[in-house]
Amino acid sequence: MNQALELVVNEELDGLGYDLVELRTAGSRARPTLQLRIDRRDGAPVTVSDCALVSRAGETRLEAEKTGDT
């Protein structure tokens, strides 16, 4: 696993109040995807809204990392 990628994902999740349970890379070189399993720190069940929030925030952060806008 790419430790730099995992670090970026963990930093983003930390700021949102989630813990990373599992991170997998999938897809192709031209269209890579990340699969994340997360837990809420408050112990509540993870909802679809949580997944959407994490997905949007992660996409924004990873795009910024890719273009050097961090």
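Of the 70 residues in the chain, 20% are buried, where buried means under 20% relative accessible area, exposed over 50%, and partly exposed in between (1.4 Å probe, protein chains only). The model is predicted, so local features need pLDDT of at least 70 and side-chain atom pairs count only at pLDDT 80 or more, whereas totals for chains, interfaces and linings use all residues. Residues are numbered from 1 along each chain as its sequence is written, and side-chain values use heavy atoms, with hydrogens and water left out.

**Whole chain.** Display the chain as a cartoon and follow the order α-β-β-α from the N terminus. Two helices and two strands are present; these are DSSP runs numbered from the N terminus, helices being H or I with at least four residues and strands E with at least two. The C-alpha atoms fill a box of roughly 35 × 25 × 20 Å along the principal axes.

**The hairpin.** Select residues 18–27 (strand E1) and 32–40 (strand E2), which run antiparallel and are joined by nine bridges. Strands count as paired if DSSP finds at least two bridges between them. Four residues separate E1 from E2 in this hairpin. At Leu20, look across to Ile38, its bridge partner in E2.

**The core.** Next, show the side chains of Leu5, Val9, Leu13, Tyr18, Leu20, Leu23, Ile38 and Val54, the eight residues of the largest nonpolar core. Helix H1 (3–16) and E1 are the elements that give two or more residues to this core. Such a core is a set of buried Ala, Val, Leu, Ile, Met, Phe, Trp, Tyr and Cys residues joined through side-chain atoms within 4.5 Å. Centre the view on Leu13: leaving aside residues up to four places away in sequence, Leu13 touches Tyr18, Asp19, Leu20, Ile38 and Val54, a contact being heavy atoms within 4.5 Å.

**The charged pairs.** Now select Glu11 and Arg61, which form a salt bridge with the closest N and O atoms 2.6 Å apart. This pair links helix H1 to helix H2 (residues 48–67) across 50 residues. A salt bridge requires a side-chain nitrogen of Lys or Arg within 4 Å of a carboxyl oxygen of Asp or Glu, and nine are counted by this rule. Glu11, Glu12, Arg61 and Glu65 are linked in a network of salt bridges.

Finally, select Asp50 and Arg40, whose side chains meet in a salt bridge at 3.2 Å, N to O. Asp50 lies in helix H2 and Arg40 in strand E2, so the pair ties together parts ten residues apart in sequence. Asp50 counts as buried because its relative accessibility is 7%, whereas Arg40, at 25%, is partly exposed.
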